[in-house]
Amino acid sequence: MRRTVQCARAYSNLLWTSSRRPTRPTLPAFALSLLPQRAWNSGGIKLRGYQEECIQAILKGVDEGERRMAISLATGGGKTVVFTELISRLIHPARPEAEKTLILVHRRELVQQAAKQCQKQYPEKIIDIEMGTSHASGGADIIIASVQSIINRLDKYDAELYKLILIDECHHAVSKSYLEVLTHFNAMDVNERTPVVVGVSATVSRFDGLSLGKVMDKLVFHMDSTTMIKNKWLSPPRFTTVNSSVDLEGVKETATGDFDIGGLAQAVNTDVANDVIIKAWLDRASERKSTLVFCVDLSHVRSVMDKFRAHGIDAREITSRTSIQVRRECLEEFKMGKFPVMVNCGVFTEVLPRTLLTPPKGTDIPNIDCVILARPTRSKNLITQMIGRGLRKSENTGKTDCHIIDMVTNLSHGIVTTPTLFGLDPDMLVNEMTLVQMHAIAAKEAEAKRKAEEEEKRVRFEILQAEQEKLRAIEELRREEEARLEEEIRKMKEEKKMAEETERLIAQEEERLRIVAAKKMEMEVLARSPPPLPLQLEYVDYDDVWDLLSDNSPDQVVAQMSRLAWVSIDRTKYVLSCGRNGYITVERDFNGWFNVEEFRALPPGKGLGKWARPKLIMSGIEQLDAAIRGADTYALNTYPRVLLERDARWRKLSASDQQLEFLKKLRRRGHKDWEDMRKHGQLTKGKVGDIITRVKHGAMRKFDEKMKEQKRKQKEEAKELRRKRREEVRLGVIE
């Protein structure tokens, strides 16, 4: 009885304020009755085959010493069922006495969903909720907590009592709030006593470039939507693309790389584009019972909804501004098929900032049999989420498949559409194609590409063979010409034999004259030859490092990846100055991986040095462009943009007096007139700032090393020259 009342109290804190909460005798039944009843059926839970494989993969990872694992399940794969089942299966190898479980979520609806599943599967366990006005006691077997609430209530939780930490939608886990909670539960320093951390998500990646490797060490199981469709766990999709004639070339992108919402809405929300949406639905999906439309912003939602209604179609909207009661009623009526079209923006995806009014990403509306993608994106994760809204099976509503209508736009590169998910051209138009047909087209195009590459190789090989044959023909002509010349010489010698005696005399005379001429020439050479010159060596002095320091050609590589003022020190190190605040480095280690670190300047009077301990932002990045993009994301979220941008206006101003003083102190600076160079615009703050960055990060040291190496080579060459002259035998005066 105590457990039942305690769980009901948790639900009451979610649904009513303390002043409106029902009395205790009627609370349990009344509280549960207001929650959706689909998951409260009786009987045991029968796992699907891949769900059992997922659990076994986690348990195997624990046996092998893994403590921080991630699993990836497509939308509709039953993530909540998997991690609630894992609670009873897992025993911590190093701390078998630890039996508590913490489930971390980032939104109210996910708390409710997890609480329902746990109460259904473990009715004998004490389940507490830590969220808002609901305060967990700390003594429950299972704690379901929102990160925003538990972060301020960590003192009452003993980390040693917890065997398992489950993170729903774990692609959020690299945020500061999650890291603080995981640190409290000893999950950041991995050892044998670290609690097992399992992250669950349909999209185990982040579009802003920040790596999840900071909190997750290994992805142990992955089940994508394509595999689930083939195995009939999800409803089969049918794809149609429609050219909406929307031009996105002028739409800017955000720091994460996706389209700016304001500019995107202005380009997409037009009468022409919205009319295309309605016509496409009327032509291709008017017989569908439940259509979900994804728009860009609130204005776009209203415009599209009004277009549907103008054609006599009952369309309704649901946005982040819709009240909880209206939204609940709208969703329930949509599930019951009372109206055919629901228009939304950022409600069933993670595009807009989350609030307590935002519906859950895991909301089940299995009757959706048509999805219209009217919101262009560069994110594969986002388009996968939108398509996944319509892939849940619903046999009892007569649903046999889901029609995905993609309103493609005009953009030269970077757009993600349904064809690009299968490796096809984003401009390709498809008409009600099934998943099998899309894969068949992708395979056909891959085969055509392979044949084209083979044909290109064959043509190149034939050209090479023709060139080699041409060379062989030229060589044959050369040999024939040599043979002809040799035959002519032989004939000339035979003719000379007719006068052997004359030739002998002529030969003797020629030999005598040759000897005389040689001796005469030798005497003339000795007479004209000057005495040997003294040993002279030519040295190259590197007195001016200006050309080395002011050369910005190495920066052009990283300039194509970033709009920030990165400075190349060498091919393995790049530095971004953050003004007086410090700097950020991207440097490749001995293993070939790129690491991103931040070096912050300490305020005067704090600490013994000028710099704080380096902060590791990212590590183990394989590609330079990925490391630069992640570093850009961190820098723009931490420092003012005006300090970082390569084209900032202040960088074009004349260099300051303080910067000139720095240049005057450079060794081997030559005879540069800094004042004159500044006067003629050759010295700007940005250019001199880059030079100072290069000097502070080792450019002078590399220059000195180059000078020493050059002098060493000069000494060796001079030594070798003297040795050769000592060994040379020459006529004349002996030195």
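1. Arginine 89 is partly exposed, at 28% relative accessible area, and so is glutamate 52, at 26%. Here buried means under 20%, exposed over 50% and partly exposed in between, using a 1.4 Å probe and protein chains only. Please bear in mind that this is a predicted model: local features need pLDDT of at least 70 and side-chain atom pairs 80 or more, while totals for chains, interfaces and linings use all residues. Residues are numbered from 1 along each chain as its sequence is written, and side-chain values use heavy atoms, without hydrogens and water.

2. These two residues form a salt bridge, with the closest N and O atoms 2.7 Å apart; the term requires a side-chain nitrogen of Lys or Arg within 4 Å of a carboxyl oxygen of Asp or Glu. Arginine 89 belongs to helix H4 (residues 79-89) and glutamate 52 to helix H3 (residues 49-63), so the pair ties together parts 37 residues apart in sequence. Helices are DSSP runs of H or I with at least four residues, strands are runs of E with at least two, and both are numbered from the N terminus.

3. Within helix H10 (residues 271-284), lysine 279 and aspartate 283 sit four residues apart, about one turn. Their side chains meet in a salt bridge at 2.8 Å, N to O, and lysine 279 is exposed, at 51%.

4. In helix H14 (residues 435-496), arginine 479 and glutamate 476 are three residues apart, about one helical turn. Salt bridges with shared partners join Glu475, Glu476, Arg478, Arg479 and Glu482 into one network.
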